[in-house]
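Below are some notes to read beside the model. Each numbered point takes up one topic.

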Amino acid sequence: MSELRLTVNGGEHVLDAPVGTSLAHVLREELGLTGTKIACNEGHCGACTVQVDGEPQLSCITLAHTVEGEVTTIEGLREHPLVEAFVRADAVQCGFCTPGQVVSAAALVAANPEPTRDEIRHAMAGNICRCGTYPKIEEAILSWQG
Amino acid sequence: MARLIRTEKEVEGRFEEVWIVVEEDPLEQWPEGARSVVGRPAPRQDGPLRVRGEARYTADIKLPGMLHAAVLRSPHAHAKVRRIDLAPALAVPGVRAALGPGEAHGLEEEAGWAGAPVAAVAADTFAQARAAVEAIDVEWGELEVVLDPEEAIRRGHLTGEARRSERGDVDRAFAEADVVVEGTYRTQTVLHNSLETHQAICEWQGDALHVYISTQYIWGIRQEVAETLGLPEDKVRVICEFMGGGFGAKNGPDEYTFVAAELAKRTGCPVRCALTRREEHTSAGNRNSTIQRLRAAARSDGTIVALEGEFINSVGWSGWSSPTEGPMRALYACENVRTVTHAAQLNTPPMKAFRAPGFAEGTFGLECLIEDLAARLEIDPLELRRSNYAESNEGTPYSSKNLEKCYRLAEPHWERRHEVRARSGTVWKRGVGMASQIWYGGGGPPSYAWIRLGSDGRATVVTAMQDIGTGTRTAMAQIAAEELRIPLESVDVVLGDSARGPYASISAGSSTTPSMGPAVRAAAADAREQIEDIAEQRGLPRDTPVAEVVGLLEEAQILGRGARGPNPTGMSVLTFGVHVVEVAVDVETGEVRVERVAAIHDVGRIINPLGASSQVEGGVIQGIGHTFSENRLLDPETGRVLTTSLDAYRMPTIADVPEIVCEFVDKPDEHLTNLGSKGLGEPPIVPIAAAIANAIRDATGAEVHELPISREEMLRALEAANAKGRRGAPAAV
């Protein structure tokens with residue numbers, strides 16, 4: 001076990017975890033933040049996306065002990081206007097990928113508040129949705145400001 | 001009133017005759033068109049929970065003292081355990097129990113495919129369980145491996161008898177026809193890849209077993225687990241409130257559930273058994289590959305006079321033989337049809353139902369063949385389809401069929417082909433193609449719902465159904481709100497727990513809405529009638545708003561109950577549709593881009609147009625994946641799955657999505673229940689591959705015969721077209 005200091009959604013945590021533990025595992029198992037989903041556990045699907053200092057990062061292939069910045073999970077973005085935009089546009093079916101989609105989208109609109117369709121497709125291509133909500137995700141991001 | 005009837009029950013195209021207790025369905029359907037709530041777009045009621053990451057999926061449930069299981073799977077495609085030693089696993093730190101072959105249902109000595117479950121371990125953490133599984137000492141006796149479906153058929157390796165159907169005089173019709181076309185079509189194995197992997201948590205409470213599971217069928221799990229473990233059904237409680245996708249692969253309990261139940265029994269602790277993504281690719285089911293040898297004959301006036309198909313379903317080690325021949329038998333009026341469907345048993349992972357099993361595959365073959373026929377006859381493909389319109393389902397009348405209306409709605413999209421083709425360049429060729437859709441989706445009894453209204457004017461629908469992500473929870477709320485004439489916001493739906501509500505339909509075979517919706521409406525109507533009686537007793541008009549009447553209740557509640565009535569006797573309940581697709585093909589590299597899809601469907605009354613458009617888009621996008629990029633590959637020597645990760649097995653991303661236009665006929669099926677609604681989950685995946693292939697043909701003259709349409713297949717087809725020197729073919733490739 002090795003000491004781990006994390007700032008998550010503005011709160012500071014000091015934990016003990018074996019070196020090699022993924023950030024996703026720590027968030028879900030140690031901090032109970034189950035909004036971050038693990039769907040492939042090898043960095044291919046985007047369901048586990050969190051932000052580190054505002055940048056989207058795949059938490060399932062991020063070693064928790066290497067994280068130095070501030071982590072933002074879906075739990076820290078629950079009041080983001082994108083949440084309402086996703087619901088309004090029906091950009092959610094089974095919903096298992098959706099928190100990761102919102103986290104990616106939040107990073108996108110923070111950097112680029114009015115992205116074009118192409119920019120959305122570029123930024124969101126790492127988040128797989130097996131139900132195929134993509135057209136609605138595009139619509140949600142285009143209309144996120146209401 | 002309940003009555004006992006003998007009826008035909010259909011799930012995913014499989015029929016059985018059953019005795020069934022049904023209740024009458026005396027309610028008149030609502031008039032056609034949007035009502036105050038039903039037929040109007042409604043965002044999902046559980047949308048905020050899912051989007052905010054608050055929805056608790058099976059994957060998120062953590063019970064006190066919960067252990068984690070891992071499963072040892074066969075590395076060989078066919079082998080038998082000669083000797084197994086679990087002791088090294090039990091010595092791994094954190095390990096609490098281990099199971100060998102035969103110690104839990106599904107763990108077997110003979111492994112029929114690489115990935116077959118053999119043994120399992122429970123430990124404090126998943127990592128420990130995984131390490132322990134690696135430590136199990138097995139001596140394998142390898143057995144002969146059969147991977148080729150045609151060899152399997154030749155040698156009699158079958159999962160069941162061949163299925164044959166014949167009507168008319170097929171040989172004579174072929175002999176006398178003006179035009180005969182034939183082709184061999186192949187479809188690949190594809191994987192469901194729900195983002196939540198297959199998993200269950202089992203916990204014993206006294207002599208009762210609680211099963212938290214990611215499932216499409218709460219009541220099926222309850223029944224099968226009880227039967228397998230020798231428990232009364234009421235001693236098995238099944239819970240699934242939020243579910244991360246299924247697509248047909250999560251209809252039954254499978255080994256992970258039984259492993260969790262047995263390990264929980266042995267350790268006295270709750271146990272989670274969850275498949276990893278890689279196990280999902282080897283051991284969680286697939287849409288099996290097919291080979292389809294098809295022939296069609298027509299008179300020169302365009303009348304299809306004969307159809308013949310030999311189909312091979314590569315079922316795998318176990319599973320069932322999907323109705324790949326279904327579209328050939330049912331889509332067109334044709335007096336002479338002969339089909340035979342073989343079910344090859346192979347040393348490959350077992351198939352499972354996948355979104356319109358059989359029909360998605362069979363429609364690819366049939367609708368490409370029909371396109372070929374149109375070309376040979378020099379008849380417009382839309383015209384050919386229309387002129388062979390089936391007026392009955394092999395003699396049985398349809399409860400409703402509005403495919404002609406679909407074709408009418410398709411006309412403006414089809415008309416675009418001249419303009420689309422005109423945008424072709426020397427490298428990028430453009431074209432338009434279409435394909436028709438037929439599939440089941442009528443649902444059936446039994447299914448029940450309760451409803452509860454209190455003095456706060458809110459209604460709670462209670463039924464032990466599941467919402468697998470299709471939005472049925474919201475559709476049920478809309479139906480209840482409509483019947484009670486209260487706002488949608490005043491209705492909650494409680495679902496997902498066999499201990500909290502009556503029996504509910506499986507969410508497979510596009511059956512949730514057509515099975516559950518009528519029961520919910522009946523329950524709401526029962527409550528409404530009681531409320532009207534109370535109003536009358538107070539001297540109020542019967543149509544006094546519900547909120548006003550229930551305001552008198554104080555602690556009292558109005559309880560309504562409803563049941564799904566029978567399907568119409570002597571009628572075929574089917575769904576219909578047509579897709580018109582525009583593509584661009586780079587004739588030098590074989591790259592294909594789908595630019596636009598018009599998806600037009602006839603599924604009776606639409607409850608929620610917003611959710612319905614999501615279902616169609618989802619089906620189309622998944623179908624685009626099946627058409628181009630998804631392909632589960634096996635090592636041809638060993639039979640091991642090569643594509644075990646999501647970088648090797650490529651599903652569509654947001655960047656792969658074309659413009660999708662959804663249209664619905666939206667006409668209630670007047671013979672079907674108090675709603676007139678059919679299901680929509682599956683229809684949109686049925687015609688998309690064929691419509692794409694036909695658009696490619698329109699653009700380039702190239703005839704695609706295989707899914708996926710890889711660059712290799714595309715270049716092969718372009719080259720073949722070049723050799724034939726067809727219209728629109730490129731000069732040189």
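1. A residue is called buried if 20 or more other C-beta atoms lie within 10 Å of its own, exposed if 12 or fewer do, and partly exposed in between, with C-beta atoms placed from the backbone. Gly13(B) counts as partly exposed because 19 other C-beta atoms lie within 10 Å. This is a predicted model, in which local features need pLDDT of at least 70 and side-chain atom pairs count only at pLDDT 80 or more, while totals for chains, interfaces and linings use all residues. Residues are numbered from 1 along each chain as its sequence is written, and chains are lettered from A and ligands numbered from 1 in the order in which they are written.

2. Where does Gly13(B) sit? It is in the loop that joins β1 (2-11) and β2 (14-23) of chain B; helices (H or I, at least four residues) and strands (E, at least two) are DSSP runs, numbered from the N terminus. Two residues are in contact, or touch, if their C-beta atoms, placed from the backbone, lie within 7 Å. Leaving out residues up to four places away in sequence, Gly13(B) touches Pro323(B), Gly326(B), Pro357(B), Gly358(B), Phe359(B) and Tyr440(B). Gly326(B) is 313 residues from Gly13(B) along the chain, yet their C-alpha atoms are separated by 8.3 Å.

3. Chain B has three parts in an automatic or database domain assignment: domain 1 (2-57 + 443-563), domain 2 (61-143 + 195-245 + 250-283) and domain 3 (290-441 + 571-723). Between the C-alpha centres of domain 1 and domain 3 of chain B there are 34 Å. Their contact involves 31 residues from domain 1 of chain B and 33 residues from domain 3 of chain B. On the domain 1 side, α14 (472-484) and α15 (512-537) of chain B are the elements that give two or more residues, and α15(B) has the largest share, seven residues.

4. Helix α14(B) can be checked for length. Just after α14(B) comes Arg485(B), with a positive phi of about 55°.

5. Which residues touch the most other members of the largest nonpolar core? A nonpolar core is a set of buried Ala, Val, Leu, Ile, Met, Phe, Trp, Tyr and Cys residues joined through C-beta atoms within 7 Å. The largest has 272 residues, and those touching the most other members are Ala69(B), Ala120(B), Val121(B), Val259(B), Ala260(B) and Ala480(B). Helix α10 (residues 359-377) of chain B gives the most to this core, 10 residues. Not counting residues up to four places away in sequence, the residues that Val121(B) touches include Ala69(B), Ala89(B) and Val133(B).

6. Between the chains, 42 residues of chain B are in contact with 40 residues of chain A. On the chain B side, α1 (47-51) and α17 (609-628) each supply at least two residues; α17(B) gives the most, seven residues.

7. Chain A contains five helices and five strands, in the order β-β-α-β-β-β-α-α-α-α from the N terminus. Of its 146 residues, 59% count as buried. The C-alpha atoms of chain A fill a box of roughly 45 × 25 × 20 Å along the principal axes.
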